Amino acid sequence: AEERKFALVISNNAYPGAALKNAVSDARAMSARFTDLGFEVVLRTDTSRADLVAAVQLFGQKLKGGAVGLFYFAGHGVQVRGKNFLLPIDAAPDNETSIPANALDIDQLLAQIQPTRLNVVILDACRSNAADRQRRNAGQNCLAPISVPTGSLLAYATTPGKIADDARGNNGLYAQELLNALDIPGLKVEKVFKRARINVLKTSGNQQIPWES
């Protein structure tokens, strides 16, 4: 039987006071590419926390029984006291105390999608804008390193704790280089991310360093 492949793509631009430019266009381009690669894709844009939690729970249900899972998030991510969170548009990114109750804990995401034979989690987060600079000034950092379950590949747009470039043309820098790498026929998954990393490094003058675990 043909292998079942499911992808969940989440993208958030419309953060009040911390809007992003390219997250939604990146996610739409990724969704089209994943569909071409044989994935059944669910795309959710500008999600509330309720939308985000419901989408992840449904995704986890689909993956039961050994499917291949692919999760892509484009938007704001943050760590609070060593735990990592993906921010829906209704989580105030400048209020650290409210984030755990109003965002998606990445550990919970990984637990939801554990039934898979293989999963790939791409966190195209920590994008640079004024709100990110304010957060860093207040002592909040971007995503911390994550302990990755067996059978999973976790890819960050930039080294944990660093910033990714959101504002080049119609796509963020990491998304554009990942799309370019996915265009190459027959490239194994590790090579896709390696190629994207090398080209992001080159284009950013070594300022942005993608990272995989």
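Q: What makes residues 49–63 a helix, H2, and how does its span compare with the expected one?
A: Helices (H or I, at least four residues) and strands (E, at least two) are DSSP runs, numbered from the N terminus. H2 has 15 residues, and its 21 Å from first C-alpha to last is close to the 21 Å expected at 1.5 Å a residue, the expected span being 1.5 Å times one less than the number of residues. This is a predicted model, in which local features need pLDDT of at least 70 and side-chain atom pairs count only at pLDDT 80 or more, while totals for chains, interfaces and linings use all residues. Residues are numbered from 1 along each chain as its sequence is written, and side-chain values use heavy atoms, with hydrogens and water left out.

Q: Why are the buried residues of H2 said to line one face of the helix?
A: The buried residues of H2 are Leu 52, Ala 55, Val 56, Phe 59, Gly 60 and Leu 63. Seen down the axis of H2, they fall within an arc of 135° (taken from the directions from the helix axis to the C-beta atoms), so they line one face. On the other side of H2, Ala 50, Leu 58 and Gln 61 are exposed.

Q: Why is Ala 111 called exposed?
A: Buried means under 20% relative accessible area, exposed over 50%, and partly exposed in between, with a 1.4 Å probe and protein chains only. Ala 111, which lies in helix H4, has a relative accessible area of 53%, and is therefore exposed.

Q: Why do S2 and strand S9 (211–212) count as edges of the sheet?
A: The open sheet has 6 strands in the order S2-S1-S3-S7-S8-S9, with mixed pairing. S2 and S9 each have a single partner strand, so one side of each is left without a neighbour in the sheet.

Q: How do you know that S3 and strand S7 (residues 118–124) pair?
A: Two strands pair if DSSP finds at least two bridges between them, and 7 bridges join S3 to S7, which run parallel. Ala 74 stands opposite Asp 124 in S7.

Q: Which strands of the sheet does helix H6 (residues 173–182) touch?
A: H6 packs on the sheet, touching S3, S7 and strand S8 (152–156), where contact means heavy atoms within 4.5 Å. The direction of H6 makes about 140° with that of S7, on axes fitted to C-alpha atoms (for helices over the stretch in contact), with angles from 0 to 180 degrees between N-to-C directions.
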